[in-house]
Amino acid sequence: MVGIGPGSKEDMSVRALEAVKKSDIIIGYRLYVDLVRDITCGKEIISSAMRKEVERVELAIREALKGKIVSLISSGDSGVYGMAGLVMEMLYKENICLPLEIIPGIPAANAAAALLGAPLMHDYAVISLSDLLTPWETIEKRVKSAAEADFVMVIYNPKSSQRNWQLKKTVEIILKYKNAATPVGVVKNAKREGESIVITTLGKMDQNSIDMMTIVIIGNASSFTFQNYMVTKRGYNL
């Protein structure tokens, strides 16, 4: 299971690069396969659409059982909303023993944070707004708890063409516990073509341009902005 990082080869670890190069087969979501296509020359490449995660893992296991070296790739880190957990679940369920290696990558949250400045300098919560696999009631409870505890909040999967109300509801919940002037960083396509970075506030955040490729980072009570950066204080007595 290979985490290829946010997108650019420059942000992909040497270990991940070597794993892809040594593999016989590369399997992944179509967009992520395209990100590493320039280093997969001569290899069998199998890509599929969104929501085909189970099928990809089943195929990867079948090929690995044949003795092939398989790289099942995820963007960011394969253990952060990636494929590593699903692989482990399926191997456990079927009682299959295979040699495994989980290669970490830079998560999208960290890539976005680096572009914004230093917004994750204190405790933070990472929450996905996708309710395809998690009931919305559970997500809403987590959003409320994180906002009430004044965590910096990293929002994955904030909005899609079919899920266009969850982010608005999330902001409404957070505004009950955080000031409308709380800094917010909105990063789309971090470290990829089409990258955009916007620093705004919770009360003024424009939700229209936000999509599945966007990471939203909402500050805490100590977060501030200066120049073109967003920073959360660590607590040093300056």
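Guide: A word on terms before we start: helices and strands are DSSP runs, numbered from the N terminus. Keep in mind, too, that this is a predicted model.

Visitor: Which element gives the largest share of the lining of the second largest pocket?
Guide: About 480 Å³ of space lies in this pocket, and 22 residues line it, with Met1, Ile69, Val70, Pro99 and Glu101 nearest its centre. At least two lining residues each come from helix 1 (14-22), helix 3, strand 4 and helix 4. The largest share, four residues, belongs to helix 1.

Visitor: How many residues of the lining of the largest pocket are charged?
Guide: The largest pocket has a volume of about 1,400 Å³. Of its 46 lining residues, Glu53, Tyr81, Gly82, Ser128 and Asn157 are the closest to the centre. Elements giving two or more residues to this lining include strand 2 (25-29), helix 3 (53-65) and strand 10 (214-218). By residue class, the lining has 22 nonpolar and 16 polar members, and the charged ones number eight.

Visitor: Now the helix pair: at roughly what angle do the axes of helix 6 and helix 7 cross?
Guide: Trp136, Glu140, Val143, Lys144 and Ala147 of helix 6 meet Gln166, Lys169, Thr170, Ile173 and Ile174 of helix 7. These contact residues divide into five nonpolar, two polar and three charged. The crossing is right-handed. The axes of helix 6 (residues 136-148) and helix 7 (residues 166-174) come within 9 Å, and their crossing angle is roughly 35°.

Key
Residues are numbered from 1 along each chain as its sequence is written. This is a predicted model: local features need pLDDT of at least 70, side-chain atom pairs count only at pLDDT 80 or more; totals for chains, interfaces and linings use all residues. Side-chain values use heavy atoms; hydrogens and water are left out. Axes are lines fitted to C-alpha atoms, for helices over the stretch in contact, and angles run from 0 to 180 degrees between N-to-C directions. A crossing is left-handed if the near helix is turned anticlockwise from the far one by less than a right angle, and right-handed if clockwise. Contact means heavy atoms within 4.5 Å. Ala, Val, Leu, Ile, Met, Phe, Trp, Tyr, Cys and Pro count as nonpolar, Asp, Glu, Lys and Arg as charged, and the others, Gly among them, as polar. On a 1 Å grid over the protein atoms alone, a cavity is a set of points where a 1.4 Å probe fits but cannot get out, and a pocket is an open set with protein on both sides within 12 Å along at least five of seven lines; lining residues have an atom within 4 Å of a point. Grid points are joined across faces, edges and corners, and a volume is the space filled by probe spheres set on the points.
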